[in-house]
Protein chains: 2
Amino acid sequence: MARRTGSSAEVTGPRIRSAALRLFARHGYAAVSMRQIATEVGLQAGALYLYTPDKQTLLYDLLRGHMEDLLAAYGAPDGPPEARLRQFVRFHIAYNLDHADEVFLSYMELRNLEPANFAAIEGLRRSYEDRLSQILRDGAERGEFHVADVRLATMAIIAMLNGVNTWYRQSGRLSREEVLAIHEAMAKGMIGAR
Amino acid sequence: MARRTGSSAEVTGPRIRSAALRLFARHGYAAVSMRQIATEVGLQAGALYLYTPDKQTLLYDLLRGHMEDLLAAYGAPDGPPEARLRQFVRFHIAYNLDHADEVFLSYMELRNLEPANFAAIEGLRRSYEDRLSQILRDGAERGEFHVADVRLATMAIIAMLNGVNTWYRQSGRLSREEVLAIHEAMAKGMIGAR
DNA sequence: CCTTGTATTGAACGGCCGTTCATATAACCA
DNA sequence: TGGTTATATGAACGGCCGTTCAATACAAGG
């Protein structure tokens, strides 16, 4: 029995990626079998190979897609450094909270990529980080920020912002806006911006 | 062939945990087989079960051992909040860099623990985090720190400090002392301590 | 030298793994 | 209506998994 009404490649492909994303994020790439993914979508394992050449590529496509979406979603705002820093902090936290599985997977499963795939994802991530570095550099040049080392401050701010995803819950004590505002202030404090 | 000269339980047990730690940290718990661990130590897989009841307990013992070592290594310094914050920042970064595999594993593989084991490790971690929270609370009460939310600031500082392990290399551009000093300043800036 | 107990082997268990492929069906096109 | 093509099945492949256990080799003690 194949090709039941309502099924088609345009629907099945995204459903497979969506199921793989959720399962990989929840249990880890190595712990999830192709059969589990297929069951989630209502297929036999063999059918997955109509949509991906292998499991490794399925993971890689998820990570690459996430990084490209992230870069596309973050435009290139202009304005004074302080306003751009504010924008970056708010965008980063909000985007991460809205794409928790993708973000989690991108940090956890990098090591499961083949070297070539790893390098490609790292390049995309570096390109995103460089946007923050440029803001810090501009602010430092104007004397508005006090940055001992641009690369280190970039990594420190991003690490702080990423931390939100490990504990924030929508039903929690703090509203999203409170979280955004406090992190904005902490990020400014880190680089001595008043 | 068994019990070759020089082998004994006192040596084999730690060697198994050491190999498991390195392999789990490098490839992930689910991706490492008991046979791989045994090979690393020069044993057959069956012999591992003289030293651990199962693979899950092996992971749990590694994580629990790490958290207990961490709590033991961090004494309970006293003094004014600013000095204790300085101590915490420096201790945390230095300890993490010196125990990179343990720290990495403790963050990555929590989800592979059974609920009861997960809860135990979370409790130990929370107990460590509370030490920083107490410093922030004391500083805020004295009016030396400006902390919008103690729990959030605790998580933010720890997230920032944890970030160091993802990029620091001994042969890198910055010395360990530079990294410590800059993070000390950033942590103070985050909570408005001058 | 012989016994005892510890440390280890090596084979076996049932089960799941990623992937391939011949086959079958449903939707579309002429 | 009939042929073509896209979509999916289900069985099979060799291989590795965590774990158990009877047999065995060795070190130590009497």
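**Entry 1: how the copies meet**

I started where the two chains touch: 100% of the interface residues of chain B are also interface residues in chain A, so the copies meet through the same surface. This is a predicted model, in which local features need pLDDT of at least 70 and side-chain atom pairs count only at pLDDT 80 or more, while totals for chains, interfaces and linings use all residues. Residues are numbered from 1 along each chain as its sequence is written, and chains are lettered from A and ligands numbered from 1 in the order in which they are written.

I counted 21 residues from chain B and 21 residues from chain A in the contact. For my notes, two residues are in contact if their C-beta atoms, placed from the backbone, lie within 7 Å. On the side of chain B that touches chain A, α7 (150-167) and α8 (176-190) each supply at least two residues. The largest share, 8 residues, comes from α7(B). Sorted by class, this side of chain B has 14 nonpolar, 6 polar and 1 charged residues. Here Ala, Val, Leu, Ile, Met, Phe, Trp, Tyr, Cys and Pro count as nonpolar, Asp, Glu, Lys and Arg as charged, and the others, Gly among them, as polar.

Next I laid chain B on chain A, which took a turn of 180 degrees and a shift of 0.0 Å along the axis and gave an RMSD of 0.1 Å. The two copies are thus related as by a two-fold rotation axis. The superposition is by least squares on the C-alpha atoms of residues with pLDDT of at least 70 in both.

**Entry 2: chain A as a whole**

I found 8 helices and 0 strands in chain A. Both are DSSP runs numbered from the N terminus: helices are H or I with at least four residues, strands E with at least two. Of the 194 residues in chain A, 30% are buried. Buried means that 20 or more other C-beta atoms lie within 10 Å of the residue's own, exposed means 12 or fewer, and partly exposed is in between, with C-beta atoms placed from the backbone. Along the principal axes, the C-alpha atoms of chain A fill a box of roughly 70 × 40 × 30 Å.

From first C-alpha to last, α7(B) reaches 27 Å, close to the 26 Å expected at 1.5 Å a residue. The expected span is 1.5 Å times one less than the number of residues.

Helix α6 (residues 115-141) of chain B has 27 residues and reaches 37 Å, close to the expected 39 Å. Which residues of α6(B) are buried? I listed B:Leu132, B:Ile135, B:Leu136 and B:Gly139. What covers them includes α4 and α7 of chain B. Just after α6(B), I noted that B:Gly143 takes a positive phi of about 80 degrees.

**Entry 3: one leucine**

I picked B:Leu85, found in helix α4 (residues 81-98) of chain B. With 23 C-beta neighbours inside 10 Å, B:Leu85 counts as buried. Leaving aside neighbours within four places in sequence, B:Leu85 is in contact with B:Ile135, B:Gly139, B:Ala187 and B:Lys188. I also looked up B:Thr39, 46 residues apart from B:Leu85 along the chain, and the two C-alpha atoms are separated by 44 Å.
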